[in-house]
Amino acid sequence: MLDLGYLDSQDDTIVAVSTPPGEGGIGIVRLSGLQALEIGCSHFRCKRDQSRKNSHNQDFSPSARKLYHGYFIDQQGEEIDEVLFSYMPGPHSYTCEDVVEINAHGGIISIRNILNTLTNSGARLATPGEFTRRAYINGRIDLVQAESNLALIRAKTEKGMKAALQGVQGKLSASIYDLRRILLDIIAEIEVNVDFPHEDVEWELQHRSEIIDQIQSCKEQIDRLQVKHKAGRILREGLKTVIAGKPNVGKSSLYNYLLGENRALVTDIPGTTRDLLSDFINIQGIPLKIMDTAGIRVDGDTIERMGMDYSRHALEEADLIIFILDADTGITEEDHFVYRTMGEKGEAPLIILVNKIDLTAGMTPEDIGQAFHYDGLVYASILENRGIDELKRAIIEKTYAGEIQGEEGALVLEARQGELLYRVTALLQDALTALEGNMPMDIITIDLNQAYERLGEIVGEHMKGDLLEVIFGRFCIGK
Ligand SMILES: Nc1nc2c(ncn2[C@@H]2O[C@H](COP(=O)(O)OP(=O)(O)OP(=O)(O)O)[C@@H](O)[C@H]2O)c(=O)[nH]1
Ligand SMILES: [Mg+2]
């Protein structure tokens with residue numbers, strides 16, 4: 001159940017283990033809130049004061065951001081673990097509140113005892129993401145930065161991490177604030193002139209065309225953000241790469257080769273693969289989610305047809321399709337059938353891989369060009385390990401992956417933020433259409449105001465509590 005009352009519980013001092021569960025070298029327990037210092041100190045015996053064995057260390061008063069060596073003690077003054085203690089006074093801390101961190105030995109029992117002791121002394125267990133939520137509520141970071149923190153934790157590749165870091169550092173937020181400022185200027189400009197209308201028709205036309213230019217340039221900025229968003233999504237989720245083709249062309253052979261292990265069954269019997277297999281590989285820092293599919297053909301038994309349904313579904317969601325042809329059989333009616341199936345689907349780039357060139361030279365690019373439209377063409381023999389490097393190059397070149405290479409090319413946006421950006425684009429387009437259709441200026445400000453508000457939602461202005469619950473609920477406890 002959602003706890004909608006969390007705003008009232010802002011005064012609580014919260015505690016959680018911030019390191020992953022299980023055995024580790026160290027485990028960090030973090031306290032944040034008004035009583036963090038008091039509760040933390042009452043359970044710490046500094047090594048330099050060790051002579052006062054039984055005292056609860058009432059006069060231990062740590063300086064900010066210094067590490068103290070000593071013991072964590074329970075209510076009875078019994079030592080639980082040897083620890084390092086540090087204190088970060090608000091507002092210069094992760095949450096903007098007083099924060100105490102206790103670095104203990106990573107054992108499950110010792111960490112659990114420390115946590116129990118602290119909750120018995122008045123701290124409350126933090127809910128998932130509550131530390132980051134406090135940082136947001138206290139104004140240290142905006143929602144984009146908070147959500148990027150999550151992406152940073154979950155990044156699977158270095159490029160993905162760098163993209164998320166841009167969000168944490170506020171580069172995405174800066175673009176959003178910039179766009180909002182420009183929109184606000186445009187709205188103000190329109191409103192001033194609506195209140196003091198000009199008689200001059202020339203002036204009116206000139207004014208309109210200036211506003212069109214300004215909105216157009218806002219829209220272009222958002223388009224650029226969306227390209228970066230797409231690149232960021234790929235870095236996070238992997239470029240969905242579907243290996244498709246008629247039965248027996250070598251789809252599973254390619255899948256195994258790219259994975260570097262024999263995951264899929266390979267036989268010379270057409271219709272071997274029936275399930276959808278998928279796994280992650282990494283090509284030049286770009287994560288690919290590669291999928292081996294059941295060969296698509298007109299007939300086939302019940303199980304094979306179910307497999308083909310999976311194939312079709314995978315094609316629908318593909319970011320990239322590798323369409324394999326068999327050099328030995330040449331282009332057949334079955335290939336046309338597969339191609340038609342793909343054609344019904346989205347607009348993912350298509351790379352044709354002509355396989356088995358160890359058997360015959362295969363069809364010429366002209367033959368292929370007459371039959372199919374493609375974005376890249378590679379000749380290969382998976383059996384003899386030929387053409388694979390060319391395939392990898394084509395993958396990088398023919399997809400958005402090319403754009404990820406560039407400095408600052410990718411941004412990690414949450415689906416929520418991507419959706420809002422999309423709506424802003426639509427609103428700006430409506431405003432442009434209205435302007436070009438000579439609609440009254442004050443009508444246009446309705447769209448612009450809405451666009452302004454949607455941009456505000458991206459960075460988390462006027463967010464409803466329940467939505468925040470959902471957003472922060474995806475974090476781990478202790479973050
Ligand atoms: N000569 C030759 N044979 C190959 C090559 N690549 C794959 N094969 C053979 O082609 C046959 C089919 O390979 P698979 O990888 O199972 O083909 P598939 O497309 O997954 O087939 P289905 O799962 O039935 O749709 C196997 O006998 C492979 O050894 C190649 O480059 N040259
Ligand atoms: Mg197969």
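Strands β8 and β10 pair in the parallel sense over five bridges; helices (H or I, at least four residues) and strands (E, at least two) are DSSP runs, numbered from the N terminus, and two strands pair if DSSP finds at least two bridges between them. Within this pairing, T241 has I290 of β10 as its bridge partner. The model is a predicted one, in which local features need pLDDT of at least 70, side-chain atom pairs count only at pLDDT 80 or more, and totals for chains, interfaces and linings use all residues. Residues are numbered from 1 along each chain as its sequence is written, while chains are lettered from A and ligands numbered from 1 in the order in which they are written.

**The six-stranded sheet**

Both strands belong to an open sheet of six strands with mixed pairing, in the order β9-β10-β8-β11-β12-β13. At the edges stand β9 (277–283) and β13 (376–379), each with a single partner strand, so one side of each is left without a neighbour in the sheet. Neighbouring strands of this sheet are turned by 25° against each other on average, direction ignored; axes are lines fitted to C-alpha atoms, for helices over the stretch in contact, and angles run from 0 to 180 degrees between N-to-C directions.

| Strands | Sense | Bridges |
|---|---|---|
| β9 and β10 | antiparallel | seven bridges |
| β8 and β10 | parallel | five bridges |
| β8 and β11 | parallel | four bridges |
| β11 and β12 | parallel | six bridges |

Single residue pairs locate these contacts. I283 has I286 as its bridge partner in β10, V242 stands opposite I321 in β11, and I324 stands opposite L353 in β12.

Strand β8 (residues 239–244) is mostly covered, with six of its six residues buried. A residue is buried if 20 or more other C-beta atoms lie within 10 Å of its own, exposed if 12 or fewer, and partly exposed in between, with C-beta atoms placed from the backbone. In a regular strand the side chains alternate between the two faces of the sheet. In β8, L239, T241 and I243 point one way and K240, V242 and A244 the other way, and all are buried. Seven of the seven residues of β11 are buried, so β11 is largely enclosed by the rest of the structure. L320, I322, I324 and D326 lie on one side of β11 and I321, F323 and L325 on the other.

Helix α12 (residues 388–398) lies across β9, β10, β11 (320–326), β12 (350–355) and β13, and runs at about 175° to β13. Contact between two residues means that their C-beta atoms, placed from the backbone, lie within 7 Å.

β1 and β2 run antiparallel and are joined by four bridges, with V15 opposite L31 in β2.

Helix α3 (residues 130–137) is mostly covered, since seven of its eight residues are buried. These are E130, F131, T132, R133, R134, A135 and Y136. Their cover includes β1 (14–17), β2 (26–32), α4 (143–154) and α16 (465–473). After α3 comes G139, whose phi is positive, near 85°.

R140 is found in the loop between α3 and α4. With 19 C-beta neighbours inside 10 Å, R140 counts as partly exposed. Leaving aside neighbours within four places in sequence, R140 is in contact with C96 and A135. The C-alpha atoms of R140 and P91 are separated by 8.6 Å, although the two residues are 49 apart along the chain.

An automatic or database domain assignment supplies the domain bounds. The protein is divided into domain 1 (4–141), domain 2 (150–234 + 412–459) and domain 3 (239–318 + 320–398). The C-alpha centres of domain 1 and domain 2 lie 43 Å apart.

Around ligand 1 there are 23 residues, of which G250, S252, T273, G295 and L383 come nearest; a residue is near a molecule or strand if its C-beta atom, placed from the backbone, lies within 6 Å of it. Helix α8 (residues 251–259) gives the most to this shell, with three residues. The shell divides into seven nonpolar, 12 polar and four charged residues. Ala, Val, Leu, Ile, Met, Phe, Trp, Tyr, Cys and Pro count as nonpolar, Asp, Glu, Lys and Arg as charged, and the others, Gly among them, as polar.
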